[in-house]
Amino acid sequence: NRVTGPETGLTPDRSNFDGTPVVGRDGTPVPFMADSWRSVSNWSVDYSWWHKDARETVLSDRVQKFLASSGIDKIVDRYTLEGKPLSGNHPTGPISTAAVGSLAATDGPTAKAFVDALWNTPIPSGDMRYYDGMLYLMSMMHVSGEFRIIEKPASSR
């Protein structure tokens, strides 16, 4: 919660143990990029399973609002934490994980639009097929309800 962009909800690619973003060689916080795409998915799954922290709904709403503001079909792979696009690449990964954000987000048209975008996204191919593909697969499992906790039977504990 401490490390997210206050207006965007975006998380840096890396952060320090005290919750501050790692500063890059250029003196600015490292941007939202490949490793941080998973943040919204992680806190949203945590919320959907345990409902322990209401801030996860606020964060998911914030990220989805920001990413939807310029169009889900225009999401790029890197942003500053303030929301400035840093590339023109349009990968599947951030769309997939933002769809998982709907598990914690407020029900409504934005959350639905991200899930619809995931369902309508083709299976990743090409150079980024491994990373984007794994995020796509895990996200499909999460939003379909098939990625769940399988508890050990009481008799074998």
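A: F32 and Y79 are both buried (under 20% relative accessible area; exposed is over 50%, partly exposed in between; 1.4 Å probe, protein chains only). This is a predicted model: local features need pLDDT of at least 70, side-chain atom pairs count only at pLDDT 80 or more, and totals for chains, interfaces and linings use all residues. Numbering starts from 1 along each chain as its sequence is written, and side-chain values use heavy atoms, without hydrogens or water.

Q: How many aromatic pairs does the structure hold?
A: Four (Phe, Tyr or Trp rings, six-membered for Trp, with centres within 6.5 Å; planes under 30 degrees apart are stacked, over 60 edge-to-face, the rest tilted). F32 and Y79 form a tilted pair, because their ring centres lie 6.3 Å apart with the planes at 45°. This pair joins distant parts of the chain, 47 residues apart: F32 precedes α1, whereas Y79 is in the loop between α2 (55-69) and α3 (93-100). W49 and W50 make an edge-to-face pair, 6.5 Å centre to centre with 85° between the planes.

Q: Which rings form a cluster?
A: Ring pairs link F32, F66 and Y79 into one.

Q: What are the relative accessible areas of W49 and W50?
A: W49 is partly exposed at 35%, and W50 is partly exposed at 46%.

Conventions: Helices (H or I, at least four residues) and strands (E, at least two) are DSSP runs, numbered from the N terminus.
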